[in-house]
Amino acid sequence: MQPIIRGLAYVVGDAIDTDQIIPAEHLVYSLKKPEERRLYGRFALSGVPVGGQGLPEGYTPFTDPDEYQSRFTFIVAGKNFGCGSSREHAPFALTEAGAQVVIAESYARIFFRNTIDGGFVIPFESHEKVNDRIRTDDELELDTRIGQLRNHTTGQEFLLKPLGDVADILRAGNVFEYARQSGLIPVA
């Protein structure tokens, strides 16, 4: 986990579910074959729910058509990010697209655990609603050590909730690497 992360924001609403993060029809790709796993990046945040609620105004694509990497480093969300099914493909898809951080008011518990266990995107929680104060394409900077988020576009700053014990797991890379480094399981 880098101490300072900079990049562009992609702002979404409340209750972004795992079918919006990676639609079920794209779960056929291999997570191990490089030519297939990158397709998870192409289709990350491409699901549109009935009524289109939750996605950015105007449906700015998270990943441009025919690309595998997004230009967005940060996803800024409202409440209950990652709700829906328990698929670990969701945080994997965001990471494969190049996202590094999700900042949300709250997370669905299984999405949060899958994110930590796999060492995918860094899941920071905000103390307040920030997805109405940050816009897609705003340039953000996050000091992961103290949870200080700075919006360089507007000059606003936000203090995020500390990662706590999960920071050690994310620094190690994933829960199994953390367990090895901590002596909880034998080193292979």
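Where is Ile-185 found relative to helix 6? Ile-185 lies in the segment after helix 6 (175–181); helices here are DSSP runs of H or I with at least four residues, strands are runs of E with at least two, and both are numbered from the N terminus.

## Basis of the values

This is a predicted model, in which local features need pLDDT of at least 70 and side-chain atom pairs count only at pLDDT 80 or more, while totals for chains, interfaces and linings use all residues. Residues are numbered from 1 along each chain as its sequence is written, and side-chain values use heavy atoms, with hydrogens and water left out.

## Surface around helix 6

Ile-185 has a relative accessible area of 31% and is therefore partly exposed (buried is under 20%, exposed over 50%, partly exposed in between, with a 1.4 Å probe and protein chains only). Together with Phe-176 and Leu-184, Ile-185 makes a nonpolar surface patch of about 310 Å². Patches are made of residues with over 30% relative accessible area and no salt bridge, with like charges joined within 9 Å and nonpolar side chains (Val, Leu, Ile, Met, Phe, Trp, Tyr) within 5 Å.

Within helix 6, Arg-180 and Glu-177 lie 3 residues apart, about one turn of the helix. Their side chains meet in a salt bridge at 3.2 Å, N to O (a side-chain nitrogen of Lys or Arg within 4 Å of a carboxyl oxygen of Asp or Glu). Arg-180 is partly exposed at 28%, and Glu-177 is partly exposed at 30%.

## Salt bridges across the chain

The structure holds 11 salt bridges. One of them joins Arg-87 to Asp-19, with the closest N and O atoms 2.9 Å apart. This pair links distant parts of the chain, 68 residues apart: Arg-87 is in the loop between strand 2 and helix 3, and Asp-19 is in helix 1 (residues 18–21). Arg-87 is buried at 14% relative accessible area, whereas Asp-19 is partly exposed at 39%.

Arg-37 and Glu-96 form a salt bridge at 3.3 Å, N to O. Here helix 2 supplies Arg-37 and helix 3 supplies Glu-96, 59 residues apart. Arg-37 counts as partly exposed at 28%, and Glu-96 as buried at 16%. A network of salt bridges links Arg-6, Glu-141, Arg-150 and Glu-157.

Asp-66 sits in the loop between helix 2 (34–42) and strand 2 (72–76), and is exposed at 62% relative accessibility. Asp-66 and Leu-39 are 27 residues apart in sequence, and their C-alpha atoms are 9.8 Å apart in space.

Definitions and conventions. Accessible areas come from the Shrake-Rupley method with a 1.4 Å probe; for residues, only the protein chains shown count as cover.
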